[in-house]
Amino acid sequence: RSYGKQQIEILMQAQNLCLEIICLNRRIAFEQRILANLDSLYTKSMKGLEYGEISILDTNKLKIERLGMTQSIAGNQTLLEVKIKELEALNGNIALDGVRTLADYPHQTLRALPDYLEEMKAIDPELLQIGSEIDASNKQVSVSKMQNLPKFSLGYRHVNEIGDHFNGVGVGVSIPVFENRGKSKAAKAQAIASQLAFDNALNNRSAEITSQHGKAVAMGEQLKGYRDALEKCNNIEILDKALYGGQISLINYLLELRYFIEAQNALIDIEYDYNSILTDLNRYTNL
């Protein structure tokens, strides 16, 4: 199926909104797990406060951490509603089933760079449009050249000279020296302009795709590193055991917890950026 530039841009906008919704849902889910962890810890700390096992300062630190996490969740939930409304607006303000629970990115494959460049040349609507203009300009140049050729006319004539009559075929020739010169120059200029526009668009799009492909490769390596560190073991559970086992203090627990929260948020950001780039690279594959 053939898609125009505007149609592709609308589809891309919808796909990117879906990616943002997925990213927000993943971030909210993670923050809710952290908040549940802090709530459990706060409940235990209040009991410890009664028995003098924990100070009021430590309890207040937990209150502040819980408040910050609650505010972050509320802010992301508000932003989620905005993105859902934007997506529904693209759908004619019609509600979309299942959007609110989107949590997993679609499976996408990063192909070799030459594949994307060849696909772009064959499908990109802007390049196809300029290519059509080049063909039209070249045809106009050919027509102008034909119009510059001598024109022959053939006819019958009767001549009366000094009482004698002559009958015969007459041949006329007209050479258009100046008639089409301006048209020919204009056609050639248009053909050159169209070719320059095509080359410029091709170079810009090729550079963009090459840059995006390089970023995707680098982000793929980053993702692997973060996932190895964050998903192969439950760092929060290990922290909990260290705190309850008396190996670390509450303040050190909170500092370490912040470190892993920042690392997890970085992973969520990279996942989103990686999938955004893949979606753009695969814009024609996903049609």
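Two rings of Phe, Tyr or Trp count as a pair if their centres lie within 6.5 Å. I needed that before anything else. I also noted that I'm working with a predicted model.

**Entry 1: rings with rings**
I looked for aromatic pairs and found one in the structure. Tyr259 and Phe260 make it, with 5.4 Å from centre to centre. Their planes are 80 degrees apart, so the pair goes down as edge-to-face, the label for angles over 60. Tyr259 is exposed, with a relative accessible area of 53%, while Phe260 is buried at 19%. That 19% counts as buried because the cut-off is under 20%.

**Entry 2: charges over rings**
Next I went through the arginines sitting over rings. Arg66 has its charged end over the ring of Tyr42, 4.3 Å from the ring centre. Arg111 lies over the face of Tyr116, and here I get 4.4 Å to the ring centre.

**Entry 3: the largest pocket**
I put the largest pocket at about 330 Å³. It has 18 lining residues, and Leu11, Ala14, Gln15, Cys18 and Leu87 are the closest to its centre. Helix H1 (5-50) and helix H2 (56-90) each supply at least two residues of this lining, and H1 gives the most, with seven. I sorted the lining into eleven nonpolar, six polar and one charged.

**Entry 4: the second largest pocket**
This pocket has a volume of about 270 Å³. I list 13 lining residues, with Phe30, Arg33, Ile34, Asn234 and Ile236 nearest the centre. H1, helix H6 (235-244) and helix H7 (250-281) each give two or more residues. H1 gives the most to this lining as well, with four residues. By class I have seven nonpolar, four polar and two charged.

Key: Residues are numbered from 1 along each chain as its sequence is written. This is a predicted model: local features need pLDDT of at least 70, side-chain atom pairs count only at pLDDT 80 or more; totals for chains, interfaces and linings use all residues. Side-chain values use heavy atoms; hydrogens and water are left out. Rings of Phe, Tyr and Trp (its six-membered ring) pair if their centres lie within 6.5 Å; planes under 30 degrees apart count as stacked, over 60 as edge-to-face and the rest as tilted. Buried means under 20% relative accessible area, exposed over 50%, partly exposed in between (1.4 Å probe, protein chains only). A charge sits over a ring if NZ of Lys or CZ of Arg is within 6 Å of the ring centre and within 35 degrees of the ring normal. On a 1 Å grid over the protein atoms alone, a cavity is a set of points where a 1.4 Å probe fits but cannot get out, and a pocket is an open set with protein on both sides within 12 Å along at least five of seven lines; lining residues have an atom within 4 Å of a point. Grid points are joined across faces, edges and corners, and a volume is the space filled by probe spheres set on the points. Ala, Val, Leu, Ile, Met, Phe, Trp, Tyr, Cys and Pro count as nonpolar, Asp, Glu, Lys and Arg as charged, and the others, Gly among them, as polar.
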